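Here is a short briefing on one protein chain. Look at the structure first, then read the points below.

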Amino acid sequence: MNLENNYNTNNIPNVIQYGEDGFGHQLEGIFGIIGMHVEKKVNYIFNFPRRFKFAHKNVDEKCVIYMNDCMKKLTDFYSQPPFNNLQRKHKHEVWKIPKEIDKNKVYSLDNAFFEPTEQLIKASPIIKDIFGKNNPNLPKPSYEENIDSIVIHVRLGDAAKRQAELSLLYNIITYYYETQKDSTLIIHTNGEIPFNECERLKIHNENTHVLQVLSDFIHAKTLIISESSLSIAATWLCDDKTKIIGPSYDKYNLKKRIRPDFIKYKDVIKK
């Protein structure tokens, strides 16, 4: 990692990511703000004493340890001094940060979904090194790493209505199962799906720990994502050679949030 230190000597706002949504939502938000930090648009206060709390039931203290460890490593990497006297003011969105910033405040943001992809590309080496496979708090994948693994995220539950191409995703799963006989398919889902587990198809439900889900995503040879922050964030932690497949539509800036050069659902099955 040869990224330059970013001290707040310019007129840029102090920020942190802050929210109590799902683990994936916060993870993607953190990545976006790291991208802004690397681009010197904000000063991310990595060592600000914030409390991590996550929605959904497949989380526990291990997620807090993972996040705190990542923040400490970022603090060390950027040699940031303590910022104990800053007052937090929640702004939720990047565009709500005032033009006349207060250097005595840290503005907390929920996400940075509408920032340029180029920022994430520039920040990807440090994101991958700190949050990815090298992180000791991530478990090993649930499958053998030497297999041809096709890992699929079928995000349902409270996000089911967002999945505008769900039937196409199911067709892709069937297509890969029928045509890739030497591959093993691993599905992570939080709802009922029209598939049954067998030797070459493993299904993990909503009770699977979120760090296990993340590990399975980032170790995949092929990763098929849903419109979900967890699998979107995972695309930035995968190896460069990992094949990424994602939704064809572009809702809520979706295409620019996924690692570039991914294959769209509609381009997988050729007639």
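Among contacts between residues at least 6 apart in sequence, 66% join residues at least 24 apart. This is a predicted model. The protein has 7 helices and 10 strands. Its radius of gyration is 19 Å, close to the 18 Å that the globule rule gives for 271 residues, so the protein is as compact as a globular protein of that length.

**Overall dimensions and surface**

- The C-alpha trace spans about 60 × 35 × 35 Å along its principal axes.
- Of the 271 residues, 55% count as buried.
- The protein exposes about 13000 Å². Carbon and sulfur atoms supply 48% of that area.
- There are 38 positive and 34 negative charges.

**The nonpolar cores**

- The largest nonpolar core holds 66 residues. The members that touch the most others are Phe 23, Phe 31, Ile 34, Tyr 66, Phe 131 and Leu 214.
- Strand S1 (14-17) and strand S4 (105-109) each supply at least two residues. So do helix H1 (23-38), helix H2 (61-77), helix H3 (117-131), helix H5 (210-218) and helix H6 (229-234).
- H1 gives the largest share of this core, with 8 residues.
- Leaving out residues up to four places away in sequence, Leu 214 touches Phe 23, Leu 27, Tyr 66, Leu 138, Leu 230, Ala 234 and Leu 237.
- A second, separate core has 18 residues. Among them are Leu 169, Ile 172, Ile 245 and Tyr 265.

**Two residues with positive phi**

- Ser 79 has a phi near 50 degrees, a positive value in a residue other than glycine. Ser 79 sits in the loop between H2 and strand S3 (87-92).
- Is Ser 79 buried, partly exposed or exposed? Its relative accessibility is 43%, so Ser 79 counts as partly exposed.
- Asn 253 is not a glycine, yet its phi is positive, at about 60 degrees. Asn 253 is found in the loop between strand S9 (243-246) and helix H7 (254-257).
- Is Asn 253 buried or exposed? Asn 253 is buried, because its relative accessible area is 15% and buried means under 20%.

Technical notes. Residues numbered from 1 in each chain as written. Predicted model: local features only at pLDDT ≥ 70, side-chain atom pairs only at ≥ 80, totals over all residues. Heavy atoms only, no water. Core = buried A, V, L, I, M, F, W, Y, C linked by side-chain atoms within 4.5 Å. Buried < 20%, exposed > 50% of the residue type's maximum accessible area, 1.4 Å probe, protein only. Helix = DSSP H or I, 4+ residues; strand = E, 2+ residues; numbered from the N terminus. Contact = heavy atoms within 4.5 Å. Rg over C-alpha atoms; globule rule 2.2 N^0.38 Å. Areas by Shrake-Rupley, 256 points an atom, 1.4 Å probe, with all protein chains shown as cover. Lys, Arg positive; Asp, Glu negative; His and termini not counted. Charge placed at Lys NZ, Arg CZ, Asp CG, Glu CD.
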